[in-house]
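Biologist: Could you take me through this fold step by step, beginning with the surface and ending with the packing?

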Amino acid sequence: MALGETFADVEGALKEFLRTDVDVLASPAEARTYLALPDSPTFPCVTLIRIAGGEDASEAPVDVALVQIDVWGRVKRLSEANEVRTAVRKALSKVRQRTPVAGKAVLWGATVRDDRRFPVPQAQDSDGAIGERPRYILTVQVTATPAASGS
C-alpha cells in the first residue's frame, strides 16, 4: 500500500457485523460483542481481537487478518455457550464476496481456521454460581479492504 492510504478496521468491522447479525442477535449473547471483556460483563458474550496478519502481497489494499473470537458462557452452561458459538460460526459463513461495514471496512471473506473449547476453571458469575466457565476460541482469517470514502 502506498504511504497515506487508509487501512481496513478489521476488528471494528467484525465487531459491528456480529453485533447486528440476526443469528447472533437471536442467540443468548444478543448484541454483547466487544473488543475486550467489560469490567463487569454479562454472560454469555463474545470478544474479538486481532492476533496476526498483514497486507496481501499484491498492489491492492487488501488486509488478511487473523482474528481470535472468544465466546464466553455462564458458569456451568456449556450448551448455552455452544449455542452462541454456533450462531457466530453461522454469521461468519455469511461474510462472502462483499460485505460492507460503514466507516470500518469491506469484508470479503471469513474462514474459521481453528475452533476449540478452552474453559476457565473456578470462575464465578454475578449470581454467585461457581464452577467452570465455558469458553470457545475461534481463530478466523478475515480478508478486508478499506471502507469506501464517505461511508
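Modeller: Accessible areas here come from the Shrake-Rupley method with a 1.4 Å probe. Please keep in mind throughout that this is a predicted model.

Biologist: What share of the accessible surface of the protein belongs to carbon and sulfur atoms?

Modeller: The accessible surface of the protein comes to about 7900 Å². Of that area, the part that belongs to carbon and sulfur atoms is 50%.

Biologist: Which order do the strands of the open sheet follow?

Modeller: The protein has 3 helices and 8 strands, and 6 strands form an open sheet with mixed pairing. β1 (33-34) and β4 (96-101) each have a single partner strand, so one side of each is left without a neighbour and they stand at the edges. Read across the sheet, the order is β1-β2-β3-β8-β5-β4.

Biologist: Which residue in β8 stands opposite D70?

Modeller: Strand β3 (residues 63-72) and strand β8 (residues 135-146) run antiparallel and are joined by 10 bridges. In this pairing, the residue of β8 that stands opposite D70 is I137.

Biologist: What angle does the direction of helix α3 make with that of β8?

Modeller: Helix α3 (residues 78-93) packs on the sheet, where it touches β2, β3, β4, β5 and β8. Its direction makes with that of β8 an angle of about 15 degrees.

Biologist: And at what angle does helix α1 run to β2?

Modeller: Helix α1 (residues 10-20) lies across β1, β2 (45-55), β3, β4, β5 (105-117) and β8. Relative to β2, helix α1 runs at about 145 degrees.

Note on methods. Residues are numbered from 1 along each chain as its sequence is written. This is a predicted model: local features need pLDDT of at least 70, side-chain atom pairs count only at pLDDT 80 or more; totals for chains, interfaces and linings use all residues. Side-chain values use heavy atoms; hydrogens and water are left out. Two strands pair if DSSP finds at least two bridges between them. Helices (H or I, at least four residues) and strands (E, at least two) are DSSP runs, numbered from the N terminus. Contact means heavy atoms within 4.5 Å. Axes are lines fitted to C-alpha atoms, for helices over the stretch in contact, and angles run from 0 to 180 degrees between N-to-C directions.
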